[in-house]
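This briefing is meant to be read with the sequence and the coordinates side by side. It begins with the overall fold and then turns to single residues.

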Amino acid sequence: MQTGSLTTVIHTVLTQNENFGQTNAGNGLKVNVEYVSVNPTGDVHVAHGRGAAIGDAISRLMKKAGYDVTREYYVNDAGNQIYNLGLSLYARYQQLYGREVEMPEDGYYAHDIIDIATDIKNEFGDKYLHVSSEEAVDFFKTEGCKRELEKIKRDLDLFRVEFDVFFSEKSLYEQNKVIEILDILKEKDMVYESENALWLKTSLYGDD
């Protein structure tokens, strides 16, 4: 490349500033980019940061290229990992009051669990020593998930990674969306049963 061409590009970059490289190639096509989606059971770590950087870069590039981009964080706030979070927090909370309670076998042992249990103790006192274990675990599941997600959001904000939507997995079950989608897939003959499980017929669409 000639030196003159290089200097011309530099001039164009400086002139167009933030608009340099912008195109309408996407023609406003709606695109959903889901990334990071760290389980709200602990802190963000380096591997999560890699996903955040890649997802954010893809979102920025596609938006620059004229796509209508929605950045989505899928909040895994249902299932066994959240149940184990509730059990772990409940155990640590009781231990703070001197009760000899063992941590669950598949529990979370990081120090942030103790920190959250301590914050809850300071805020709510011994209230959850005097309710049923079921009620207590339900509370710690919800409260723990909320507080872990707040920490994740703060870390992502420091990393300058933003999202348009934080979508709750739990809401899919509360609104019966999973059953609705399964019924639609069955009607369209896009699933089959094998080994006591329901499978998608992905091989029909090039996925072997």
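How many helices and how many strands are there in the protein chain? There are seven helices and five strands, where helices (H or I, at least four residues) and strands (E, at least two) are DSSP runs, numbered from the N terminus. The model is a predicted one, in which local features need pLDDT of at least 70 and side-chain atom pairs count only at pLDDT 80 or more, while totals for chains, interfaces and linings use all residues. Residues are numbered from 1 along each chain as its sequence is written, and side-chain values use heavy atoms, with hydrogens and water left out.

**Overall architecture**

- Read along the sequence, the elements of the protein chain follow the pattern α-β-α-β-α-α-α-β-α-α-β-β.
- The radius of gyration of the protein chain is 24 Å, well over the 17 Å that the globule rule gives for 208 residues, so the chain is more spread out than a compact globule; the radius is taken over C-alpha atoms, and the globule rule is 2.2 Å times the number of residues to the power 0.38.
- Along its principal axes, the C-alpha trace of the protein chain spans about 75 × 50 × 25 Å.
- Among contacts (heavy atoms within 4.5 Å) in the protein chain between residues at least 6 apart in sequence, 71% join residues at least 24 apart.

**Surface and charge**

- Of the 208 residues of the protein chain, 32% count as buried, where buried means under 20% relative accessible area, exposed means over 50%, and partly exposed lies in between (1.4 Å probe, protein chains only).
- The accessible surface of the protein chain comes to about 13900 Å², of which 51% belongs to carbon and sulfur atoms; accessible areas come from the Shrake-Rupley method with a 1.4 Å probe, and for residues only the protein chains shown count as cover.
- The protein chain carries 22 positive and 36 negative side chains, and the centres of the two sets lie 6 Å apart. Here Lys and Arg count as positive and Asp and Glu as negative, with His and the chain ends not counted, and the place of a charge is taken as NZ of Lys, CZ of Arg, CG of Asp or CD of Glu.

**Helix 5 and its residues**

- Helix 5 (residues 133-158) has 26 residues, which at 1.5 Å a residue should span 38 Å, and its end C-alpha atoms are 37 Å apart, which agrees; the expected span is 1.5 Å times one less than the number of residues.
- Gly-144 has its place in helix 5 and counts as buried at 0% relative accessibility. Leaving aside its neighbours within four places in sequence, Gly-144 is in contact with Pro-40, Leu-85 and Leu-89, whereas the C-alpha atoms of Gly-144 and His-11, 133 residues apart in sequence, are 52 Å apart in space.
- Lys-151 is also found in helix 5, and this residue is buried, with a relative accessible area of 18%.
- Just after helix 5, Arg-160 takes a positive phi of about 60°.

**Asparagines in loops**

- Most residues other than glycine have a negative phi.
- Asn-17, in the loop between helix 1 (3-16) and strand 1 (30-34), has a positive phi near 55° and is exposed, with a relative accessible area of 56%.
- Asn-27, in the loop between helix 1 and strand 1, likewise has a positive phi near 55°, and Asn-27 is exposed, with a relative accessible area of 70%.
- Asn-176 is found in the loop between helix 6 (169-174) and helix 7 (177-187), where it counts as partly exposed at 46% relative accessibility; Asn-176 and Cys-145 are 31 residues apart in sequence and 21 Å apart in space, C-alpha to C-alpha.
- Asn-196 lies in the loop between strand 4 (191-194) and strand 5 (197-200) and counts as exposed at 87% relative accessibility. The C-alpha atoms of Asn-196 and Ser-168, 28 residues apart along the chain, are separated by 28 Å.
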